Every structure is written in structure tokens, then in C-alpha cells.
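User: I am new to reading structure files. Could you take me through some features one at a time, with the general idea first and then the case at hand?

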Amino acid sequence: MKTLRQIIESAISTVSGGLFIDDRHISSEQIEYKADEGRALWCIDYYSKTGTIHPDWIQRFYPEYDSEMQESKCMTTFYCPHILAFMDGTDGLRYFGAKDGYADNFTRIQSRAQLAAMMNHNIMRIGRRNYVLYQNGIGEAYTKTKINDPMMEGVFARPTEIPTFNKEKSNYPLDPAGVDYLEKYLTQTVLKMEISTPSDSRSDGVDSNKLPRAVK
Amino acid sequence: MTSGLELKKYFENKVDKSYSKFVDNTKLNRIFKMALSNLSEKKYMGLETQKEYDEMRYAIHTEMVFPISNNKISIAPLMISNITTTGFIVTITTLTEHNLDIGQVVNVSGVQGLSTTPNINGEITVYNIPSPTSFSYVATFIGGTYTPNTGLITHNRMIDDYLHLFTVKCKTRENIRGLQVSQCLNRTPVITIFNKHNNLATGEKIVIANHPNNDINGTFYYEAITTKKGRLWMDETRLLAVVAPDSSDAGGTVSREYYEYAEPLYSDRKISSFEVSTPTNPKVQTADAFLKFSPDTTEITIDYFSSNIAEVDVSNNTFDLELVFPFKLLMRLVDEAIMIYTSPSRDALLNNLTERGMTP
């Protein structure tokens, strides 16, 4: 297993003949974003072929309660990191529920319309369990009692945004074959292009390489 | 032994003796100075193999540690533009921002016309800083009148012999928002339990401050047990344990210390939203006779190419230049000097011959 930094340095070293040098023109942040994109592509492709989610991709996120974020007494709203979506409608959210004791996996509601229908259904309303609606980085938990220490497990779109992930020390959440794919992806999409494209390294406000401009 | 006088003989041997009569010692010293500058630049550009590093061994400085004030460090001596006196206070105005602190000791040299006690051309202690380009010190005696634009200032918080940057590592600190130690368990070493999950990892250097349990305030090496719990060590190898009593008082702050290599930041790249400096990815830029760092940096470890190379004095026959430069480099220096000498004299034949037979 490799850290994100090791993956990026390995890819850079590969294109620069075994040396890790720092005369790059693409910033580290940009390469990190590209690495996350490459990981997403690998995970989606892997899932479409095998129908499984590799356990190495999964990270834990502990949502924090923020009283200022709450807008209704019926639900508790949390900020949640974005998750990956797979081919058949499955997505990266694998668990949302209590952390301690017997795990209580909240029932996933796919849309607000579905939630409304369930809440208005005579039988479902009486026998309701804990529900969670996740949309675009926001999780809404509809629970019967107070939530203690909620936890989320999933395949997140940007692993580096998870507060327990350490860019320098944590293993990047990708299986070994995926790491190999990712290094090649970085080499082909970012680093080779950088080497083959002369950079406008002069700070004169003029594109001295006269690269072709986009045609409207 | 190869003295400056010896170099002059090598020069005269290669250039026709009668021809070289046109060059007096002052002119030859100037030529050798230019040659040395050109050669060091060429060697700097060609620093690829161990050979070049060996040849420039006195010009290459590595792992030099400097404290940083206001996220920048001077890379050239400060020029004095004016000195005024009021009572026993001497105020020195510098041409550019000085970046000094009160109580700092600086070295002044080359000031003409003015004499003070302590001697102005020596070590003085900064007493007050009225502006970014002026500072003052206290003198018990002041005499004479300052000759404007004379004098230079150096101090141990500047790199006065800086010429080119190789690499620089920045010590930065990241405050972890909202993270506090909520409990301590008296074990060997002490176990700290935090108020929330975090990404502190084994081997990282953390700083705990203002915690009610004073034994855990300080800089420690961390060993993660879970995302909420970890051990504290005094040393990186985790041999010396931190000892502290049990406590369940929450409080204080936790920050993390990084010492990472900085990437250069050029003006035309600031436009990119990706070019953001972070504690794990610090940036360095050269401007206003400073190396400027971001984010907040307290110390640097720098590898740089020095401008402080021994000068050649062709009248000196006592100082052995082989003590600072390999003999081969001195021969290359003679060739470089001949190239400089022959170009303006339009001696194409000598120029071509020297170029062909130049010491590698």
C-alpha cells in the first residue's frame, strides 16, 4: 500500500528517469485532484466488471453535529463528503448509522419524493425505522431518538477531504492493482503531457510558446 | 601551491608574454574576478555529476539552518542610505526593508565619517525600530558627520552570500481547528484521548498548548492508536516516554509541525487556484532581496550556491588558492580569463585556440 504522496512521487520519478525532481510546472494540488479522478475511474470500471466494491476503497467519516446547520426538528442535518456513483445506480455510501454498540444502519432513502411517500404511508409511518437521505454532500437523518456518534462508511470522491485521512501517512484508499493503474493514469494524462509540452516559464504575461488557442 | 602570482604566470604562459604586458595587475584582477563569476555560473548550470560538485565544494552550502522573521529572510547585505543622531540614539536608515527585531545584534561595516561608542563599524544591538527601513541603537559617544550611502549591514538571520537556491525546507505549523485533549491516561507513555476524530498519524510532531494538565503541554512525537487516541513521545524514535498523571480536563489547543520542502512560486502562476501554499506544500518566492515563504514559517533549512568565493589577487604569492579550489578548476579559470581577455582585443586566433584546448 502507498500513501498519496508516494503514488505521485512514484509517477513523477517514472517519467523523469528514476529521479524525483521538482522543476514541474503542474502543481502538486493539481496532480492530487487528478489522482482522485483516476481513482474514481478505476473504481467505477472495477465495479462494472466485478460488481463488487473492494474493501480497500472504503473510508470512515464521523459526521459532526453543528447546531447552526439545523433547520427542522424532524431531522438532523450533517455535512458529508461527496461519494462515488457506480454504473448500475449503486453509489459509494455503504453505511450511515450509529458507531457504538450494535450497528444501526439507517435505511437509505434515495430521494425526497420517496421520503415523503414513506412518511405519509399509514403503515410505514407507524413502523418507521431510522432513515437517511444523502444528496450532494448533505446527509439528513430522520431518527426516532437522539443520534449518538453517527458514522459513515463509503467510497468517497475525494479521499483527502476525510478528516481522518492523512495525506503524508495514510494509505491511499485503493487496492494494489488500482495503485498501479493510477500511476500509469497520472503518467499518461498529466506528466507525459507536461514533459512533451514546452512550458511558458517566463513571467512576462505573454505565451512565448505560441501554443494553439482554442477555436470557437 | 598555486598562488595568485602563479596564476598570473600561467596566464602569461598561455598568452604571448609581450602581448600580456598590456595587462597590469589591477586589470588582471578584474579579469579574474569576471572569469570566476562566469565560471561559477557555468558550473552552477552544469551541476550534474559529482565532478562539478567537487570543483565547487566551497560554493555549495547544504543543510544550513536559519530562523525566519516575518516569513522572509534577506539574501543580500543591507545598504545604509542615511544615519541620524538624536541625543544618544543613532538611527540608521536602510535602502530596503531591514526585517530586524528589537534586541537583534547586527554587524555594520564601511560606514564613513561617523564614529560612535560602541563602534558603529562593528556589532551593535537594535534598540528600537521606528519603521521597516530604519532602526536605532544607543551610543555613549557620537562624533563626526556621516558620509551618505556608505556602510553595509549583515547579521546571522540573513544569507549574505546567497547566489542561487537549490532547495529549501520550511518549518510550518498547522492549527487543528477545534481539536482538544479531553482525557489523559497515566501510562508509559501517557495516552491522550481527543474530543474528536482526527488524522494525527504516527511519527508526526505535535504541539499541545494551554492544556490544564501542564505535563502534556509542549512539542511531542505522536503514535496513533485510533483516530481519537494516541501516545506521546519525547523523541522521534519513540524511546523516551512522556509521563503525565490521569486527568479528565478538556482544553488547550493542538497543532501539528511540518518541515517540508518548498516549491518555487512564480508570479505568473499565482493566478492558478491550485498554487495555494499549505503547511504540507509550502512555497518560496524571491523578491525585494528576500526569500519569502508561505504559509507562516519559523525556520528554514536551505541548500544554496554561494557568491562568497575566494577572489584571486595576482600580486599575492602567499595564499594557496588550491586550499579553496581544485587545481583543475584553477586551470579552467585561467582559460576563462584568457577568453575574457581575448574577446575585446579581437584576437580570434588566440580565442579559438583557448576554446579548443579549454580545461574540461
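User: How do I tell whether B:E299 is buried, exposed or partly exposed?

Analyst: B:E299 has 13 C-beta neighbours inside 10 Å, so it counts as partly exposed. Keep in mind that this is a predicted model. The residue belongs to strand β22 of chain B, which covers residues 297–306.

User: Which residues does B:E299 touch, leaving aside those up to four places away in sequence?

Analyst: The contacts are with B:V65, B:P67, B:I68 and B:K171. For a distance across the chain, take B:N25: it is 274 residues from B:E299 along the chain, and the two C-alpha atoms are 44 Å apart.

User: Where does strand β22 of chain B sit in its sheet?

Analyst: To place a strand, read the sheet order from one end to the other. Here an open sheet of 9 strands in chain B runs β1-β22-β12-β18-β15-β16-β17-β14-β13, with antiparallel pairing. The edges are β1 (60–67) and β13 (181–185); each has a single partner strand, so one side of each lacks a neighbour in the sheet. From one strand to the next, the twist averages 30°.

User: How many bridges join β15 and β18 of chain B?

Analyst: There are 5 bridges between β15 (residues 205–209) and β18 (residues 253–261), and the pairing is antiparallel.

User: What should I look for in backbone angles?

Analyst: Most residues other than glycine have a negative phi, and most peptide bonds are trans. Departures from that pattern deserve a look. B:E63 is not a glycine, yet its phi is positive, near 55°. Its place is in strand β1 of chain B. With 8 other C-beta atoms within 10 Å, B:E63 is exposed.

User: Where is B:N149, and is it buried or exposed?

Analyst: B:N149 is in the loop of chain B between β10 (141–144) and β11 (152–154). It has 11 C-beta neighbours inside 10 Å and therefore counts as exposed. B:N149 also has a positive phi, about 60°, although it is not a glycine.

User: Now chain A. What elements does it have, and in what order?

Analyst: Chain A holds 5 helices and 7 strands. Starting at the N terminus, they run α-α-β-β-β-β-α-α-β-β-β-α. Of its 216 residues, 25% are buried. Among contacts between residues at least 6 apart in sequence, 71% join residues at least 24 apart.

User: How are α1(A) and α2(A) oriented to each other?

Analyst: Helix α1 (residues 4–15) and helix α2 (residues 28–50) of chain A pack at about 105°, with axes 11 Å apart. The two are therefore roughly perpendicular. Contact is made by A:L4, A:I7 and A:I8 of α1(A) with A:S28, A:I31, A:E32 and A:A35 of α2(A). These residues divide into 5 nonpolar, 1 polar and 1 charged.

User: What is the strand order of the open sheet of 3 strands in chain A?

Analyst: The order is β1-β7-β3, with antiparallel pairing. β1 (59–61) and β3 (93–98) stand at the edges with a single partner strand each, so one side of each has no neighbour in the sheet. The twist averages 20° from one strand to the next. β3(A) and β7 (residues 150–154) of chain A are joined by 5 bridges. A:Y95 stands opposite A:E153 in β7(A).

User: How many residues of each chain take part in the contact between chain B and chain A?

Analyst: There are 17 residues from chain B and 17 residues from chain A. On the side of chain B, they divide into 4 nonpolar, 9 polar and 4 charged.

User: What confidence values does the predictor give for the complex?

Analyst: The complex has an ipTM of 0.81 and a pTM of 0.83. For chain B, the mean pLDDT is 91, and 96% of its residues reach 70 or more. Where pLDDT is low, the predicted coordinates should not be read in detail.

How values were computed:
Residues are numbered from 1 along each chain as its sequence is written. Chains are lettered from A and ligands numbered from 1 in the order in which they are written. This is a predicted model: local features need pLDDT of at least 70, side-chain atom pairs count only at pLDDT 80 or more; totals for chains, interfaces and linings use all residues. pLDDT is the predictor's confidence in each residue, from 0 to 100. Two residues are in contact if their C-beta atoms, placed from the backbone, lie within 7 Å. Ala, Val, Leu, Ile, Met, Phe, Trp, Tyr, Cys and Pro count as nonpolar, Asp, Glu, Lys and Arg as charged, and the others, Gly among them, as polar. Helices (H or I, at least four residues) and strands (E, at least two) are DSSP runs, numbered from the N terminus. A residue is buried if 20 or more other C-beta atoms lie within 10 Å of its own, exposed if 12 or fewer, and partly exposed in between; C-beta atoms are placed from the backbone. Axes are lines fitted to C-alpha atoms, for helices over the stretch in contact, and angles run from 0 to 180 degrees between N-to-C directions. Angles under 35 degrees count as roughly parallel, over 145 as roughly antiparallel, 65 to 115 as roughly perpendicular and the rest as oblique. Two strands pair if DSSP finds at least two bridges between them.
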